[in-house]
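Biologist: Hello! Could you show me how to read a structure, one feature at a time?

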Amino acid sequence: MYTEPDKAVPPSLETPMPDPLSPLPDATPLLDVKHLTKYYRRHLAVDDLSFSVGAGEIVGLLGPNGAGKTTVLRSICGILKLSSGQVTLAGRSLQEQEIEAKRTIAFVPEVPNPYELLTVREHLHFVAMAFGARDGVDARADELLNRLDLYEKRNDLVLTLSKGMKQKLAVACGFIHDAKVLLFDEPLIGIDPKGQRELRTMIEDARDAGCAILISTHLLDTAERLCNRILILSRGTKLAEGTMAELHERAKMGEDATLEDMFLRLTEEE
Amino acid sequence: MGALLYLLTRQWKGAALNMLRSGLRTLMGMFAFAVVFGQIFQSFYLFAALQSHSASRLPLIPEPILRGILLFILAAPAYAILLEGLQGNLIAFSPADVDFLFAMPLSQKTVLAMRLGLQWLQYLWWIALGVVWASPLLAHALAAPLGAVAWRAVVGASADILFALAASHALYIFYAYRVRSSEWLLAVVKWGGLALAILLLYILSRDAAVVASPWQQAARMFNHPIIRTLLLPVSLCVDLILSAQPQSVAMTVPRLLALGGLTLAAVAAVFVQRENVYEPSLAASLRRARWRNALKSGGISALRTERLRERDGANQAAGYAVADFGVGWITLVWKATQLAVRAPWRNLGIGAFLSLGPPLFLYFYRPPGLEGLIAYLTSIIGGYGLWISGVLVMGMVRNELTQGAFLKQLPMPAWQIIVGLLLPPVALFTLLAWLSLAAFALLFPEMYQPLLAPLAVVGPTMMGAVSLYHAFIAILFPRKKDPMNQLLSGMLLFPGWGLLLIAPMVTWGILVGGWARSVKATPPELSRMLWWSGLGVGVGYLLLWPLLVWLAAAVFRAYSPADD
């Protein structure tokens, strides 16, 4: 359920962040996708997809390569124009109130492509400024950089960072402002084990603070541990959605079946 | 908007910091600035000298010819911008923009306005330099005050470039959403455009043939009402510059207003569109990224696979192979040959078309009365080809540097790597140039033969020198995304072209021409003189090669793949 804005600050981040949102009715999901359809010219990439993610919920977006996961994430954050359908972010329609809706999200891409000619700290400043979260950005940036072992690199140009460090920077950018909806595209790939653990903690903290989180991943054990619900896509359509228990039922497999077993069964059926 | 300004200013600061990380790069950057500012002062001294010695006044160029020259000079960048824009390259944002900027709560129009403004500012820098260089001479030729010419040139060229940029963006967005989705409309636009271009060439050549002098023919073509209408903003810009003449009948203010109105209309055409501008730019960005990655991972054969994938979904590289030959640096030549064989056939087709197209077109069409003009144009096209080949080599070297870590670990001296990298493209361009020269020699024996033999010697040697200079700049400034790299490499190219391309050719022309006039040389004597002097120029270029290879190798030794 969605919490009051002042409670939506991740507890690990002590510096208060400005909140551009007014409270929503408790029952309103923070991320609501209705009949999302996306064509690339004549190729149907996503077909009539509907789902929602509530406050304090983590949903795993799974699917084979080319299933349309990245298209879904890019459509939700306004990079791609929907062929039809509606996306609502924290009560704001992406189609009608694009700027206000975008103010509520953070998107961490799969391949980190940060601005290489900024320093690490400048990059975080830039993202915070763009989201209107300038107050207290220094303290938040330092805290995030400490957590992700990037503090020593704070004044280095991004082009001097390794690939894993760039991925950590992209993650830090996702947490620098007061996002209510967090979208992650394969966030753990390329990050060292310590960083992976820290990132999982940060995601769980954000969930506990009432954020809605959608994670696209191929790491099924991580999805199993982290997510409240799983959504499986195949060829742009929803194959299955539900909690682990519901997926067990849907896949007609025993309780000892792992998510990997169920995923393979369901996608093979397709 | 504040965030975007922050991003821009900090990126420039970062680019400067990155340049300062390398002593050599810093030194060359300072040299580039020194050369450019030296040339600026030189042009002002030239103006002062011309003004103070009225006897040395250059002969006034007739207005139609001057108009034609200005139209040609100003239309070239506008055309290049339009071409780039219609290929989606202007609207293609960087991967960082896609990942961060697109998902931010910023209006698309703001982001697009920033893009347009930034591109315009980049061109303004070159416009300002061009005006500073050219306006003293232009003012002298027009017998007009320097200030009057300079401000008109700056305002006119700035408006013209902004028009071209805005029109390119507007057309591409319209094309991406309205035309590309329809195959028949796409075919109509492509083939209809080609048919119209051929028809236009026919009309212009028929019209130009009524006068005798090649200069007048060119001027007549550029001043044709169809061309003036098609190039209306450029034409208005030229009118504006020419209105600086004291006796000019052209009105400054109405032309200024018309140009401003057209530019505003083009800018409005970009911003009234309600489409998602991120999507076509994302498609263009992704396509560029895929091609870049393909090149990075597997060179040109991977590019061919990518091309096949894009065209018909087939995922198969052509099965052509060249038997391996050589050891050491020769293997680099083998690799390049292998990849060239697997290159998209379209590239080979374009090369053959550019080499054989002009002579064949002229042979079959033979526009009556335009022989002199064609002779001039062929020389211009030849010079342009040399310049383009240098630019292509620079791109190739920068792409090779994406595999810099591999190249650096090769057990061979740096100069061998440079030679191995450059030999195949220079050889390929030489072959194409020879093909073109041979076609001219066969089809027009009476018109071109005296020049062909010397050009066949000078062309490749000059191309080698120019390519080596471009390779040197590419290794020194390898980062295509870095604005400081782009700026400095652009500025360093000018003195290089001046020293390697223009100065020797002009000197050669003046010396041979002067000699021929002074002794009233007969055609066979002139032919012999051209041949021997051409051989001398070729040998001169050949002697420059080791020096340029040494320079490029020295920079390559200092190059760190992490810089790219």
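**Reading the model step by step**

Modeller: Happy to! This is a predicted model, so let us begin with confidence. Chain A has a mean pLDDT of 83, and 89% of its residues reach 70 or more. Over residues 1-21 of chain A, however, the pLDDT is below 50. That stretch still has 55 contacts in the model beyond near neighbours in sequence.

Biologist: Thanks! Next, the sheet: in what order do the six strands of chain A lie?

Modeller: First the general idea: strands of a sheet pair through backbone hydrogen bonds, either parallel or antiparallel. Here the order is E6-E7-E8-E3-E9-E10 in chain A, an open sheet with mixed pairing. Strands E6 (105-108) and E10 (237-242) of chain A stand at the edges; each has a single partner strand, so one side of each lacks a neighbour in the sheet. From one strand to the next, the twist averages 15 degrees.

Biologist: How many bridges join strand E7 to strand E8 of chain A?

Modeller: Five bridges link E7 (residues 181-185) and E8 (residues 212-216) of chain A, and these two strands run parallel. As an example to find on screen, Val181(A) stands opposite Ala212(A) in E8(A).

Biologist: And which strands does helix H1 of chain A touch?

Modeller: Helix H1 (residues 69-76) of chain A packs on the sheet and touches E3 (57-62), E6, E7, E8 and E9 (229-234) of chain A. Its direction makes about 150 degrees with that of E7(A). Another helix to look for is H8 (residues 244-251) of chain A, which lies across E9 and E10 of chain A and runs at about 125 degrees to E10(A).

Biologist: How do I describe two helices that pack together?

Modeller: Two packed helices are described by the angle between their axes and the distance between the axes. Take H3 (residues 120-130) and H5 (residues 163-175) of chain A: their axes come within 9 Å and cross at roughly 30 degrees. The crossing of H3(A) past H5(A) is right-handed.

Biologist: Which residues of H3(A) and H5(A) meet?

Modeller: From H3(A) come Val120(A), His123(A), Leu124(A) and Val127(A), and they meet Leu169(A), Ala172(A) and Cys173(A) in H5(A). The residues of this contact divide into six nonpolar, one polar and no charged.

Biologist: Lastly, how many residues does each chain bring to the contact between chains A and B?

Modeller: Chain B brings 28 residues and chain A brings 29 residues. On the side of chain B that touches chain A, helix H1(B) gives the most, with ten residues. That side divides into 16 nonpolar, seven polar and five charged residues.

Conventions. Residues are numbered from 1 along each chain as its sequence is written. Chains are lettered from A and ligands numbered from 1 in the order in which they are written. This is a predicted model: local features need pLDDT of at least 70, side-chain atom pairs count only at pLDDT 80 or more; totals for chains, interfaces and linings use all residues. Two residues are in contact if their C-beta atoms, placed from the backbone, lie within 7 Å. Helices (H or I, at least four residues) and strands (E, at least two) are DSSP runs, numbered from the N terminus. Ala, Val, Leu, Ile, Met, Phe, Trp, Tyr, Cys and Pro count as nonpolar, Asp, Glu, Lys and Arg as charged, and the others, Gly among them, as polar. Axes are lines fitted to C-alpha atoms, for helices over the stretch in contact, and angles run from 0 to 180 degrees between N-to-C directions. A crossing is left-handed if the near helix is turned anticlockwise from the far one by less than a right angle, and right-handed if clockwise. Two strands pair if DSSP finds at least two bridges between them. pLDDT is the predictor's confidence in each residue, from 0 to 100.
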